Amino acid sequence: MKAPDGNKLAILNALNQRGFISGQLLGEQLGISRAAVSKHIQSLQEMGLDIFKVSGKGYSLNNTVGLLDQNKIAQCYQALGSRGAQVEVHPIIDSTNSELMRRIAAKQTLDSGTVIVAEMQQAGRGRRGRVWQSPFGANLYYSYFWRLDDGLQAAMGMSIAVGLAVYDTLKALYQLDIELKWPNDIYLNKEKLAGVLVELDGQPQGPCQLVIGIGINLQMPESFSQQIDQAWTDLNQHCEQIDKNQLVAHLTYHLELRLAQYSQTGLHDMYQQWNLLNAFAGQCVELNTGHRSWRGICEGIDANGGIRIRQDGEVKSYFGGEISLRKAQL
């Protein structure tokens, strides 16, 4: 699928002003025929946008979260008292994480706080190679670059800090009480709302570079939701009004605060707060590495970010990006 050209983006911006706009008026503004407008609308619908037509009124975009705007993000971010982040907005990208990882591989100079957000991902990724459903304009696709001078070992609990940053953001903006599932999922009412994917590049003892990917469901179209193989929810089901630009600014701000805290004290001051938000606290869970699985009672995380599991009266901590955790089927 190609990225939207100038005409498609112009149509999107016109539709994003709310209300209806006729195909004839869109054509006059763009200097194209009504038939061409119709083809562009159809292409946008295929990307996942919910655009509908009413005879005599024209087209309307059924999207309450709006579109990303780099200037509006900067204004919101500066209003929070921060100046450090550099936010790039892309209409369509393969993956926001992949773009930053490519720049790292190409030895490009990146400043901590470089953020890439996109309206759509064509190859969005979750943990263990899973596909992250990424329709145009419906959800938040976000990646943050951060340099850590203490080596890969020091980054072991990073997803814990990032999960808390997402909690801070959603609590501050929408007063939502989310839960966190080890190592990197965000739940609301026992349904998945968001996910985190942290990727690393560096040496065990030297400086390392981190790409922190965050995906948040905002207004998932029904046609895409049918491809998700677990219980899910989106912010639109729980919030009256979502400003995507404000969300990007607040997420960046709270992520900066948590990363600064992590740099100073690691998870020492965070792991107990995470345990208060543990989605599986005291429940029987199953851990799976792909080669073996085992069950136990979830006792939260330790000070290093490892998941603590009680089996036969003994509690052990487990680490590793390839371990998955789910509620055991009894």
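Buried means under 20% relative accessible area, exposed means over 50%, and partly exposed is in between (1.4 Å probe, protein chains only). Keep in mind that this is a predicted model, where local features need pLDDT of at least 70, side-chain atom pairs count only at pLDDT 80 or more, and totals for chains, interfaces and linings use all residues. Residues are numbered from 1 along each chain as its sequence is written, and side-chain values use heavy atoms, with hydrogens and water left out.

**Exercise 1**

Find out whether Asp149 is buried or exposed, and name its salt-bridge partner.

Step 1: Asp149 has 52% relative accessibility, so it counts as exposed.

Step 2: Its partner is Arg147, with the closest N and O atoms 3.4 Å apart.

Step 3: Arg147 comes out at 42%, so call it partly exposed.

Elsewhere, shared partners link Glu88, Asp94, Glu99, Arg102 and Arg103 into one salt-bridge network.

**Exercise 2**

Step 1: Grab Arg102 to begin with: its side chain meets that of Glu99 at 2.7 Å, N to O.

Step 2: Now take Arg103, which forms a salt bridge with Glu99 at 2.8 Å, N to O.

Step 3: Glu99 has 17%, so it's buried; Arg103 has 12%, so it's buried; Arg102 has 40%, so it's partly exposed.

How values were computed:
Salt bridge = Lys/Arg side-chain N within 4 Å of Asp/Glu carboxyl O.
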